[in-house]
Amino acid sequence: MSGQVGGSKEQPQYKEKVSTPLKPGSQHKITEPHIFYPAVLIVVLAILWTMTLQLIEANHLSAREGATNSAIELAHTYEAQVVRVIREIDQALNVVKRGYELGNNKPMLTLLDDWGLLLPSFLFSTSVTDAAGNVINSTRAFEKVNVADQSYFREQLEFDHLVSSQPWQNSYTKTWKLTFSRRIDAPAGAFAGIVFTSVDASYFVSGYEEAQLGQFGVLGILGTDGVFRVRRSGEKIVSGELADYSQLTLETDGLKNQEARLLTNSWDQVARYTVATKLYDFPLAVILGLSEEEQLQASKQLRQLYLQRATGISIIFLIITGILFRLSWQLQQSRRRAMEEHIAHAKRVEHLAYHDSLTGLPNRSFFSRLLNHGIAEAQRYERCFALLFLDLDRFKIINDTLGHNAGDELLIEVAKRLSNSLRETDTVARLGGDEFVVLLPEMNEEKQLSAVAKKILSAVEKPFHLAGQDLRITVSIGICAYPLDGEDEQTLLKNADIAMYHAKEGGKNNFSFYSAKLNSDSLERLALESSLRQALERGEFLLHYQDKYDLRSGEIAGAEALLRWQHPDLGQMQSLQFLPLAEETGLIIPIGRWVIETACKQAIRWVEQGLPPRCISVNLTARQFTDAHLLEDISSILQTTGLNPAQLELEITEGLLLRDFDRALETLSKIKELGVRIAIDNFGASFTSLSTLDNFHFDTLKIDGSVIREIATDPSDKQLTEAINPVAI
Amino acid sequence: MSYKKYNKILTQLALLAICFAAPIVQSEVVVVVSASNPVSSLSKSQVAKIFLGKSYRFPDGSRAVPLNQGEGTFERDDFYQLVSNQSPAQVKAHWSKLIFTGRGRPPREATNSDAVKQLLAGNGVNIGYIDHTAVDDSVKIVTIK
């Protein structure tokens with residue numbers, strides 16, 4: 001539809017105004033909720049998780065450092081305890097050794113024990129042997145045993161220092177024992193035996209505190225030979241197992257500070273912060289380890305807690321953000337909907353304001369804007385365009401006879417046809433009534449415009465099916481071009497209108513181009529029309545009466561009334577000069593009434609003057625003949641004047657009859673019923689058969705001049721005239 | 001008849017023996033101090049603390065020096081069971097730890113109840129435990145609350 005075409009030029013104003021809220025995607029502002037909330041969420045989560053992970057890492061590091069430090073500290077303590085215990089043992093052994101060396105093999109042991117110089121007897125059992133290894137005295141009941149085959153005995157044969165044994169298992173109690181010994185010398189320095197003391201190996205790990213070392217810590221004494229004298233983890237105590245001494249004590253040799261290394265201990269595959277320290281001047285090393293898992297458990301739990309909290313907070317944030325996002329999205333949606341409704345409403349209002357409600361085409365005021373816009377654009381870019389002014393022919397009749405609804409339907413259909421027969425860029429508007437106007441941009445060649453006009457004509461010409469019947473309507477088109485025929489809205493519209501009138505005068509269903517001549521004709525016409533409207537009031541019309549003679553008797557048989565206009569400026573005008581205008585404007589109806597009335601009065605006057613009654617004839621134009629009030633008018637005139645109806649003769653042309661035969665016949669018979677005579681004028685100009693004419697019950701037949709002239713020249717036609725004559729008479 | 005009578009007497013003696021045997025098997029260890037010591041009653045935990053090296057004083061502030069009986073004696077085992085509910089192994093482990101870590105020295109030991117009485121009479125130690133059958137005027141039984 002060109003309604004949309006026209007509308008499209010107007011819509012951009014709205015689009016510009018509303019594009020921001022309508023297209024949120026086009027501007028990605030940070031404040032837009034669908035960006036803002038996720039962005040905040042990401043930032044918050046990033047901060048949260050960074051902090052959490054840093055906290056976890058810091059916590060882990062401090063836990064490791066704590067474990068390392070406490071391992072070192074505990075190892076120090078343990079080392080000191082072991083050293084002290086070994087010294088105590090050595091001291092007690094030395095006391096016995098010296099006692100025996102000074103006491104000449106007297107049984108000193110019981111005495112020393114009573115004095116409290118020995119180690120606690122319920123932990124230690126101390127014995128003395130002779131040079132052959134036979135036990136000669138002991139703090140415990142003993143069997144006669146010989147220890148000559150024991151390694152510590154053999155070692156004491158050669159060296160005078162504290163000797164510690166490998167761990168050995170008591171065959172009776174199954175407990176692991178450690179033995180420490182010292183050599184006893186004879187006065188001359190010869191070997192006199194040894195003093196040795198045995199203690200549960202577990203004694204050396206009795207300081208194991210679960211509170212410090214946990215279930216899986218380790219406390220132990222490892223010989224430089226790689227044999228564990230004793231080792232304890234939790235409640236589990238073992239002796240005699242092998243371990244890689246050099247690997248454990250590798251970096252603790254020398255002057256370096258003790259350090260705790262995270263090692264997976266070979267004996268039980270537990271990862272521990274392990275400290276190994278070789279004892280000074282003794283072939284033993286203390287081993288202390290803190291289980292990594294246990295030491296870091298708190299940190300791991302903390303880590304778990306932090307992670308859970310962070311996850312919880314994340315989820316809460318996610319939910320909150322989700323809710324906010326959803327709410328704001330809904331808000332945005334409802335705003336958008338409201339905005340859309342507002343726009344739709346505005347569009348409707350605008351559409352109503354600028355469009356014809358019946359056809360949906362742009363209305364007069366919108367068209368005026370479009371035209372002005374077109375003019376401005378054409379001016380700016382030196383373009384041309386054409387304006388077509390359309391007026392439906394006979395639309396009034398259709399509206400009157402078929403009703404307004406049918407008329408409206410017809411207008412809608414015409415609007416559709418017009419739109420369909422034009423380009424997309426063309427604009428069709430309805431100015432009101434049956435007037436349409438078409439704007440053809442960038443077109444001014446006569447040939448092109450003619451083609452368009454013809455297209456429109458043929459589109460409108462096709463039959464319409466309305467109110468249950470087929471009917472045809474035609475259109476008259478006036479064309480003018482910019483800038484040739486006008487450069488402003490008023491001039492262009494007026495000139496197109498003038499051209500349209502010219503087309504109508506030229507027989508309708510037609511188009512006409514505007515020209516300056518048309519304009520002047522039109523001006524004349526306008527002047528004439530305005531004076532014609534006033535002529536009746538001013539009494540400028542007058543009738544001339546032409547007598548009609550009876551050919552046979554030579555007497556005056558009647559008179560024909562002829563209308564003249566005494567124009568104040570132009571002088572007396574023949575009816576031909578103004579009747580077409582009167583017919584076109586409809587002024588013929590009151591003028592015609594005046595003519596009939598005046599003629600009737602004249603006929604009466606003649607009778608009053610004593611003249612014999614004469615028939616007076618008056619011409620009826622097409623418009624008069626089809627006027628619905630014709631019969632009424634005639635009968636009322638006859639009544640008021642009191643003229644005998646037989647003295648009035650109404651003349652119509654033959655052509656008029658043939659336009660609408662049935663209706664004409666009906667009108668004529670009604671006129672006859674009034675008693676008024678009827679004359680057919682201009683007979684022979686059309687090709688009506690006499691038998692057809694007979695239906696009209698006319699009284700007079702006026703043969704056209706052309707027919708008479710031909711009769712005179714062609715003898716064969718005389719017969720025709722002769723044939724006509726009896727009918728006419 | 002005389003055989004029967006003899007038999008009957010034997011049976012009566014056996015029953016009597018069983019009657020007396022029960023308290024003997026359930027030997028009763030009592031905590032004692034020297035007769036001159038003013039301490040007359042202590043709680044179980046106060047005694048346990050003194051004998052497990054956790055306390056060196058009586059409630060009145062005077063010094064407490066405990067005297068053990070030898071390892072493996074029933075007096076010793078029963079005593080610790082009574083005051084601290086600990087087995088001999090637990091007591092040994094306890095003392096091992098105290099001695100090893102240098103936080104204490106075990107009480108002196110007496111070989112039997114008579115030795116305990118003798119040592120309590122002298123100086124140095126002032127609290128011990130003996131079988132109740134061994135109690136005489138030289139010592140005073142401490143009431144365990």
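Trainee: How many residues does the contact take from chain A, and how many from chain B?
Mentor: Residues are numbered from 1 along each chain as its sequence is written, while chains are lettered from A and ligands numbered from 1 in the order in which they are written. Two residues are in contact if their C-beta atoms, placed from the backbone, lie within 7 Å. The contact takes 10 residues from chain B and, from chain A, nine residues.

Trainee: How do the residues on the side of chain A that touches chain B divide into nonpolar, polar and charged?
Mentor: Ala, Val, Leu, Ile, Met, Phe, Trp, Tyr, Cys and Pro count as nonpolar, Asp, Glu, Lys and Arg as charged, and the others, Gly among them, as polar. On the side of chain A that touches chain B, the division is five nonpolar, three polar and one charged.

Trainee: Where in chain A is confidence lowest, and in which element is it highest?
Mentor: Chain A has a mean pLDDT of 84, with 88% of its residues at 70 or above. Helices (H or I, at least four residues) and strands (E, at least two) are DSSP runs, numbered from the N terminus. Confidence in chain A is lowest in helix 2 (residues 12–22), with a mean of 40, and highest, at 95, in strand 8 (residues 228–233).

Trainee: For residues 1–26 of chain A, how many contacts beyond four places in sequence does the model have?
Mentor: Where pLDDT is low, the predicted coordinates should not be read in detail. Residues 725–729 of chain A stay under 50 in pLDDT and have three contacts beyond four places in sequence. Residues 1–26 of chain A also stay under 50, and for these the number of such contacts is 33.

Trainee: Why does the end-to-end distance of helix 9 of chain A agree with its length, and what is that distance?
Mentor: The expected span of a helix is 1.5 Å times one less than its number of residues. Helix 9 (residues 297–354) of chain A has 58 residues and should therefore span 86 Å, which agrees with the separation of its end C-alpha atoms, 81 Å.

Trainee: Is L352(A) buried or exposed?
Mentor: L352(A) lies in helix 9 of chain A, a helix with a count of one buried residue among its 58. A residue is buried if 20 or more other C-beta atoms, placed from the backbone, lie within 10 Å of its own, exposed if 12 or fewer do, and partly exposed in between. Because L352(A) has 11 C-beta neighbours inside 10 Å, its class is exposed.

Trainee: Which strands are the edges of the five-stranded open sheet of chain A?
Mentor: The sheet has the order 14-15-13-18-19, with mixed pairing; two strands pair if DSSP finds at least two bridges between them. Strand 14 of chain A runs antiparallel to strand 15 (residues 435–441) of chain A, with five bridges. Each edge strand pairs on one side only, and the edges are strand 14 (427–432) and strand 19 (510–513) of chain A.

Trainee: At about what angle does helix 14 of chain A run to strand 18 of chain A?
Mentor: Axes are lines fitted to C-alpha atoms, for helices over the stretch in contact, and angles run from 0 to 180 degrees between N-to-C directions. Helix 12 (residues 404–420) of chain A lies across strands 13, 14 and 15 of chain A, at about 155° to strand 14. Helix 14 (residues 489–505) of chain A lies across strands 13, 18 and 19 of chain A, and its angle to strand 18 is about 140°.

Methods:
Predicted model: local features only at pLDDT ≥ 70, side-chain atom pairs only at ≥ 80, totals over all residues. pLDDT = per-residue confidence, 0-100.
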